[in-house]
Amino acid sequence: MILSHWRSTSGRPFSQAEAFRKFTAIGRMPALVLESGETLIESGAILDDLNEVAGPSRALIPDRGEERRRSLRILASATAACDKAMAINYERRRPAEKISADWITRCRSQLDAALSAVEAFRLELAGVRRLQQTEITAACMFGYINRVETHAVVGARYPSLERLSRTCELRREFMACPP
Ligand SMILES: N[C@@H](CCC(=O)N[C@@H](CS)C(=O)NCC(=O)O)C(=O)O
C-alpha cells in the first residue's frame, strides 16, 4: 500500500496525520507498506525498493557506475529543491507575526541553487522512450515549485527544466497522476 498524498477533508492541513501515524510514527508522506508488513519511508528508499522489485531491465535508474552516480546527483538536487520549497511553504502558513523573512530568504537561495544544479544537467526527453526516475523527479519537482513558489521559476531561468516539465505533463503517465 502506498500512502502518498495529503488530502484534507476538514480544511485543516495534514488532517489525516493521526490515522497516518499508524503506519509511520514520523507522520510524513510518502510511505510504502510492504506485504511483509514493513513500512518504508523517504521517497528515495521507496523508489529504490520498487526499482529492485522491477529488476535491472525495467528499473528507472542505472544500476551502477558513473551513470548511476549522475542520476543520484540529479535526484539529490531535485529533492533538495522540493524540501526547500516545502520549508518556505510551511513557514508561510505560520501566523503573520511569526513568519521569518530571513529564514525564507535563506531557503530561497538554497532553492535557487538546487534548481540551478538540476538545470546544469540539461535533461532532455526526446521521442517516446520510457521515462527515467531523474526525469520524473525533476518534472514533478518543477511542477510543484511552479505551484507553491511560482516566482522562483518565472522568467525563463531554467529552460531545460521548463521544457522537460512541459513534455512530461503531456505524457499519459503524468496525466494519469494529477497533483
Ligand atoms: N524527504 C522526504 C520528504 C517527505 C515530506 O516532507 N513529506 C511532506 C509532504 S507534504 C509531509 O508529509 N509533511 C508533513 C509533515 O512533515 O508533518 C521524502 O522525499 O520522502
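Of the 11 residues around the ligand, those that come nearest are Gly27, Arg28, Met29, Glu42 and Ser43. Here a residue is near a molecule if its C-beta atom, placed from the backbone, lies within 6 Å of it. The model is predicted: local features need pLDDT of at least 70, side-chain atom pairs count only at pLDDT 80 or more, and totals for chains, interfaces and linings use all residues. Residue numbers start from 1 along each chain as its sequence is written.

**Ligand and domains**

- The protein has two parts, domain 1 (2–41) and domain 2 (65–175). These bounds come from an automatic or database domain assignment.
- The centres of domain 1 and domain 2, taken over C-alpha atoms, are 23 Å apart.
- The ligand lies between domain 1 and domain 2, because both give residues to the shell around it.
- Helix 3 (residues 65–92) gives the most to that shell, with three residues. Helices (H or I, at least four residues) and strands (E, at least two) are DSSP runs, numbered from the N terminus.
- By class, the shell holds five nonpolar, three polar and three charged residues. Ala, Val, Leu, Ile, Met, Phe, Trp, Tyr, Cys and Pro count as nonpolar, Asp, Glu, Lys and Arg as charged, and the others, Gly among them, as polar.

**The nonpolar core**

- The largest nonpolar core has 24 residues, of which Ala81, Leu115, Val118 and Ala138 touch the most other members. Such a core is a set of buried Ala, Val, Leu, Ile, Met, Phe, Trp, Tyr and Cys residues joined through C-beta atoms within 7 Å.
- At least two residues of this core come from each of helix 3, helix 4, helix 5 and helix 6.
- Ala81 sits in helix 3. Ala81 is buried, with 29 other C-beta atoms within 10 Å. A residue is buried if 20 or more other C-beta atoms lie within 10 Å of its own, exposed if 12 or fewer, and partly exposed in between, with C-beta atoms placed from the backbone.
- Leaving aside neighbours within four places in sequence, Ala81 is in contact with Leu111, Ala114, Leu115, Val118, Met141 and Ile145. Contact means that the C-beta atoms of two residues, placed from the backbone, lie within 7 Å.
- Ala81 and Ala114 are 33 residues apart along the chain, and 5.2 Å separates their C-alpha atoms.

**Helix 6**

- Helix 6 (residues 159–169) has Leu161, Leu164, Ser165 and Cys168 as its buried residues. They lie on the same side of helix 6, because they cover an arc of only 100° around the axis. The arc is that of the directions from the helix axis to the C-beta atoms.
- An α-helix has 3.6 residues a turn, so residues three or four places apart point the same way.
- Helix 4 (101–119), helix 5 (133–148) and helix 7 (172–175) are among the elements that cover the buried residues of helix 6.

**Backbone exceptions and loops**

- Most residues other than glycine have a negative phi, and most peptide bonds are trans.
- Met29 and Pro30 are joined by a cis peptide bond, with omega about -5°. Pro30 belongs to the loop between helix 1 (17–20) and strand 2 (31–33).
- Arg122 is not a glycine, and its phi is positive, near 45°. Its place is in the loop between helix 4 and helix 5. Arg122 is exposed, with 11 other C-beta atoms within 10 Å.
- Ala156 also has a positive phi, about 55°, although it is not a glycine. The loop between helix 5 and helix 6 holds Ala156. Ala156 counts as exposed, with 7 C-beta neighbours inside 10 Å.
- Pro95 is in the loop between helix 3 and helix 4. With 6 C-beta neighbours inside 10 Å, Pro95 counts as exposed.
- Pro95 and Asp63 are 32 residues apart in sequence, and 46 Å apart in space from C-alpha to C-alpha.
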